[in-house]
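Visitor: I am new to reading protein structures, and I would like to learn how to look at one feature after another. Could you take me through an example?

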Amino acid sequence: MEISTAMLADAAQVQGGKLFVLGGGFSTITARRIPAIHPSISVVIVAQIGPEERHRDLNLTIRLYDEDGQPVRAAKADGEVGDPVEVRGRLRIGAHPILPPGAASSVPLVYPFRNLRFDAAKGYVFIVYHDEVELTRLAFRIVTP
């Protein structure tokens with residue numbers, strides 16, 4: 001599996017094998033104050049799935065880290081710190097009937113994250129893994145006016 005396209009977006013969805021992206025391609029979030037709660041960030045990727053990867057489970061993980069390499073932890077409703085922010089998924093792709101033999105399948109994927117809490121104005125990065133092998137990084141910064 002390879003990633004041919006990756007971006008952050010305010011929102012995105014996949015319909016009919018196509019990506020529909022709203023507010024995509026940013027690398028800076030301006031927060032009025034810290035800590036900041038950002039209502040919605042979507043990790044948007046297009047994966048290229050080779051013929052040898054079809055018809056089997058492909059494990060994906062996306063984790064959020066700060067610029068110091070520390071996992072960002074979710075904020076709980078009671079104000080306590082929760083588990084590291086991550087999403088895990090399993091993907092299984094079949095052969096598309098119109099693809100020539102040996103061609104890769106292009107698969108758009110969207111992973112939304114809601115109400116993320118950022119405790120400092122600094123850099124952050126979402127890292128996308130396939131079977132714990134890093135595929136891509138999506139870096140961004142939280143800044144204050």
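Guide: What follows is a walk through this structure, from its overall layout to single residues.

Guide: Please keep in mind from the start that this is a predicted model.

Visitor: Which elements, helices or strands, make up the protein?

Guide: One begins by listing the elements along the chain. In this case the protein has zero helices and 11 strands, and so the order from the N terminus reads β-β-β-β-β-β-β-β-β-β-β. The C-alpha atoms fill a box of roughly 55 × 25 × 25 Å along the principal axes.

Visitor: What percentage of the contacts between residues at least 6 apart join residues at least 24 apart?

Guide: Such a value tells us about contacts between parts of the chain that are separated in sequence. Here, among the contacts in the protein between residues at least 6 apart in sequence, 71% join residues at least 24 apart.

Visitor: Which residues have the most contacts inside the largest nonpolar core?

Guide: The general idea is that, in soluble globular proteins, nonpolar side chains tend to be buried together. In this structure the largest nonpolar core has 32 residues, and those with the most contacts inside it are Val43, Leu64, Leu91, Phe126 and Phe140. Several strands contribute at least two residues each to this core, among them strand S1 (2–15), strand S4 (36–49), strand S5 (58–66) and strand S9 (105–118), and also strand S10 (123–130) and strand S11 (133–143). If you take Leu91 and leave aside residues up to four places away in sequence, you find that Leu91 touches Met1, Ile49, Arg56, Asp57, Leu58, Leu60, Val107 and Leu109.

Visitor: How many aromatic pairs does the structure hold?

Guide: For each pair of rings, one reads the distance between the centres and the angle between the planes. The structure holds five aromatic pairs. In another, Tyr124 and Phe140 are stacked, with 5.8 Å centre to centre and 25° between the planes. This second pair links distant parts of the chain, since Tyr124 is in strand S10 and Phe140 is in strand S11, 16 residues apart.

Visitor: Why do Tyr124 and Phe140 count as buried?

Guide: A residue counts as buried when its relative accessible area is under 20%. Tyr124 is buried because its relative accessible area is 6%, and Phe140 is buried because its value is 2%. Both residues also belong to one aromatic cluster, formed by Phe113, Phe118, Tyr124, Phe126 and Phe140.

Visitor: What should I look for in the backbone?

Guide: Most residues other than glycine have a negative phi, and most peptide bonds are trans. In this structure, the peptide bond from Ile34 to Pro35 is cis, with omega near 0°, and Pro35 lies in the loop between strand S3 (28–30) and S4. Asn115, in strand S9, has a positive phi near 50°, and Asn115 counts as exposed because its relative accessibility is 52%. Asp131 also has a positive phi near 50°, but Asp131 is placed in the loop between S10 and S11 and counts as partly exposed at 42% relative accessibility.

Visitor: Which residues does Ser27 touch?

Guide: Ser27, found in the loop between strand S2 (18–24) and S3, touches Ala139, Phe140 and Arg141, not counting residues up to four places away in sequence. The C-alpha atoms of Ser27 and Gly123 are separated by 9.6 Å, although the two residues are 96 residues apart along the chain. Asp68 is in the loop between S5 and strand S6 (73–75), and with a relative accessible area of 54% Asp68 is exposed.

How values were computed:
Residues numbered from 1 in each chain as written. Predicted model: local features only at pLDDT ≥ 70, side-chain atom pairs only at ≥ 80, totals over all residues. Heavy atoms only, no water. Helix = DSSP H or I, 4+ residues; strand = E, 2+ residues; numbered from the N terminus. Contact = heavy atoms within 4.5 Å. Core = buried A, V, L, I, M, F, W, Y, C linked by side-chain atoms within 4.5 Å. Buried < 20%, exposed > 50% of the residue type's maximum accessible area, 1.4 Å probe, protein only. Phe/Tyr/Trp six-rings, centres within 6.5 Å; stacked < 30°, edge-to-face > 60°.
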